[in-house]
Amino acid sequence: MIRLGYALTLARTKLNSKKATLLTSIIVASILFAVLIAGVIMFTGAQKSAVSFLEKANNNSYLVDVTPVLPEDIYIGGQLESLEELNELKQREKEYYDEVRANYKAQRIPYDASQEVSVLKPSPYFEENTPEALRFISNFQSPVVEYAQTKRMEAYVATAKNTRASLKKVAAKYGGSGFYSNFYVGATVPQVTLIHENKEDFTAKMKSDPPTSHGYFINAIHNNAYGIYDDELLGRYLLPQSKPLEGVSVIVSAQEAAKLFGKEKGIGEEPKEAQPKAVWLKEVQGKLNGYVYQSCERNSADRALLDKINNDYVEMKTNEGKKDYIKPSLLYNLPTEPCGAVSVKSDTRSAAEKKFEQDTIDKQKKLGTYVAPTRTLHSFQIVGIVNSEDYLQAQDVQSFLKTLLSVNNLTSNAFIPRAQYESLPDSLKIEGLIGKDQKELMSDPAKLDKSLQQQVVSFKTIGEARAFMDNETCTGDNWDCKRLFRANPHGSNYVLLEDIGAMFQKVMSYALPIVLGFATIIIWFTMGRVMAENRKETAVYRAMGARRKDILTVYLTYGGIIALYIALLSVAIGVVAAFIIDLTYGAYITSIATASFGTITEGTRFSLFSIESPYLLMIIGAIFVVSYIAMIQPLIRNIMRSPIKDMRSE
Amino acid sequence: MNPGGVDDRIEEFLTYFDNDPVKAVVAIRSYAVARSAEGQVTSPAATGDVLISVENATKTYKVARQKINALNGVSLEIRQGEIVALTGASGSGKSTLLQLIGGLDTPSTGSVTISNTLLSKLHDKKLSEFRNKTIGFVFQSFYLQPFLKVIDNVAVPGMFKGEKRKVLNAKALALLERVGLGDRAKHYPKELSGGQIQRAAIARALLNEPTILLADEPTGNLDTKNSEEIIKLFRSIRDELGTTIVIVTHNTAIARQADRVIRLSDGVIV
């Protein structure tokens, strides 16, 4: 049997056969494999970098937003569903007004039953076969609807299996450890208005431009839309504390902060390109960290006075010059200073009018429903800046990257870190801020009980988070959810990242066989040509006593050399290509990632270069396998050939 | 062939002569001759026994559905140490006969026996080993590998035998010295003349010390002077080593220098 060293000596001589064809084949096959290799290197780099950004941003954890799924029939709708629902609402109506009557009686105030608003009203539209008893709809003007809804929620909560306690047990099975909460603070504009440039806009309304959650988020200060979050969820956005807190700490969007307060700090407009934007963002963070602004909260009575001033003004303007128009008997002036009280402009009320109003106030006081007009000045201090991107506009590569890398579930409100808020002195706290969400009962009944609020659960790995979401919850936009919880990744697109990983594997599962197929054909063709050209030489070797095994060894060694060349060249091309792409786009993507993941990730580089994928070894192995597979047919034909045939052509 | 275990002692000789292959091989030869004189090694040239025996061999080829009888019942015997020239016109069957003797092909009928071994009884592996150890081939077109140095070209048959590189190089260099190409060992074939290339090819054929050297038109591509030198070389090889040499040639001048001339015509000896 020929030694490997001799086989190598003889195989190397064949590299000079069909040199141009061989070189072309090696180059073409190498480029095909190099594309795969570069793809793997860049994808692995991107995946690793994204994970390192994610882990840094989320304190090495993967967060999941979990919301309990409430049964559909818990909500009172317009159309009555059954006779049972009809009877339930009638029962609630009776209970509610019995309570009201009892209260009046206790206060010794005469009760006027004509003021009662029935929970049911005749339905304007119904099917002919609808039973007569059900030809009603819920009357949302009636306070009974809210009362009945509350009762339903209380009954549900008593036996619910998707409370916070249940969630802890279920999530713990998958490694869920941290449980955090966030909730929306109720009072918004116009109850609370921003004092901007020492002015209060009494006509302020909710703003959203564009009309998406991004639009609300970049107007959250104006809208006074705040949510209280456990600090663990906000760490990535917090800036180093620059001075002692002078107000409620808030994390706001860079875009709104720059628009409202940037002018006085010399901050320019937001650039569109990623890298200048990263510089701009840093400037916003540097100059507005610690910035204090104020808002004025007016209670419903005080707000009603402002509304009256506006309405009276409009009414008088409309009726200006009309002889029979009588001006309102009580007129007020707008406050002369931010968060000031209204003042009486003119009071021409009759004694009877004054008495009626006083009696009404006295009655409300007795019933405990009287609210005196009050206003409170609230101070906020910026402690964090979030770069907000409008993901719905994601149409170009840059937007796609941002969507891919960054947070996808910012809410429409700015954030107040809970622990920081609770550590404030009472003088700086907003009275009743935590708890105002109770008022949101009608829009979100889950707020009735804290245990049914949205929770954020943290997991140590993507796999744990994914397993919990896949097995225990409905994800994404699945509104026909039959499970106890609905969940989505919190704070980053890590699931998307994993999905893209799976997609990449899928692409590889198609691309690899295609490339292998092409490479096999190319190598097969080349080997066939080389072996045909070397037939006489093979015959001479056979004449010298070479066995078929010896010839096989020589050609297998030759195939190994070709495979080695292809492997080396494709690795070299792939590595260099990936390196150049990383060098060209690495800094750009890093700035996008830093802007997306928050200040905490500063110093982390987003690299498109990593050679740590097992795919690389697989591809290199595949090059050798393919080279040998491509050799089988021409080699068998060659070694089985009688040497005499080739000798005879001599 | 390894008379008296000479191959086994090459390394010993190389070590003794500080890896000087020429000195080592000269010493080996002296050793072999001495062993021969002691009667331990039987020199083929000395016996004159029948080495090659062809009995009533026929060979039929099928070319484009047509049967061509290349050999029609050829019988001959060639003795050890003989130089035999096979002559005849093109298509007379001389190359076919050479290939049968060389174990590259088998007769359609009849038999070829070499050293009492019936070649048709050997399967491919044994036949390859037989060719490797017993037969040396010399071709008209030389067939030196153009991208191997001359010394490596000469060493090729030894590579298939699995010999150690050091031993192989020593033997190849000694043979090149023997054919007058010692100074060309590190050259590539393209740097040699036609005559030199053929001498290198002969050196290659002798590497495994075969008992039979088969040469198919060895001077076909050479001028008269070089052809003369090749024939002289064959004779000296036979004289020194006792090698049996069968030469296929058109050249009557070359054929005349053989011990015996066998003429073929239409596949039969005439």
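How many of the five residues of strand E11 (residues 343–347) of chain A are buried? The count is zero, and E11(A) is hardly covered; a residue is buried if 20 or more other C-beta atoms lie within 10 Å of its own, exposed if 12 or fewer, and partly exposed in between, with C-beta atoms placed from the backbone. The model is predicted: local features need pLDDT of at least 70 and side-chain atom pairs count only at pLDDT 80 or more, while totals for chains, interfaces and linings use all residues. Residues are numbered from 1 along each chain as its sequence is written, and chains are lettered from A and ligands numbered from 1 in the order in which they are written.

**View 1. Strands E10 and E11 of chain A.** Strand E10 (residues 330–333) of chain A pairs with E11(A) in the antiparallel sense over four bridges. Two strands pair if DSSP finds at least two bridges between them; strands (E, at least two residues) and helices (H or I, at least four) are DSSP runs numbered from the N terminus. Val344(A), in E11(A), is the bridge partner of Tyr332(A).

**View 2. Where chain A meets chain B.** Contact joins 22 residues of chain A and 26 residues of chain B, two residues being in contact if their C-beta atoms, placed from the backbone, lie within 7 Å. On the side of chain A that touches chain B, at least two residues each come from helix H1 (4–14), helix H16 (535–543), helix H17 (548–597) and helix H19 (643–648) of chain A. The residues of this side of chain A are ten nonpolar, five polar and seven charged. Ala, Val, Leu, Ile, Met, Phe, Trp, Tyr, Cys and Pro count as nonpolar, Asp, Glu, Lys and Arg as charged, and the others, Gly among them, as polar.

**View 3. The open sheet of chain B.** Chain B has ten helices and ten strands, and 49% of its 270 residues count as buried. Four strands form an open sheet in the order E2-E1-E4-E5 (chain B), with antiparallel pairing. Strand E2 (66–79) and strand E5 (117–118) of chain B each have a single partner strand and stand at the edges, so one side of each is left without a neighbour in the sheet. Helix H4 (residues 94–101) of chain B packs on the sheet and touches strand E1 (50–63), E2 and E4 of chain B. The direction of H4(B) makes about 120° with that of E1(B); axes are lines fitted to C-alpha atoms, for helices over the stretch in contact, and angles run from 0 to 180 degrees between N-to-C directions.

**View 4. Strand partners within the sheet.** Eleven bridges pair E1(B) with E2(B) in the antiparallel sense, and Tyr61(B) has Ile68(B) in E2(B) as its bridge partner. These two strands, E1(B) and E2(B), form a hairpin with two residues between them, and Ala64(B) in the turn has a positive phi of about 50°. E1(B) and E4(B) run antiparallel, joined by five bridges. Thr113(B) in E4(B) stands opposite Ser53(B), and also opposite Leu118(B) in E5(B).

**View 5. Helix H9 of chain B.** The buried residues of H9(B) are Ser227(B), Ile230(B), Ile231(B), Leu233(B), Phe234(B), Ile237(B), Arg238(B) and Leu241(B). They cover an arc of only 150° around the axis, which puts them on the same side of H9(B); the arc is that of the directions from the helix axis to the C-beta atoms. Exposed residues on the face turned away from the buried side include Lys225(B), Lys232(B) and Asp239(B). Gly242(B), with a positive phi near 75°, follows H9(B).
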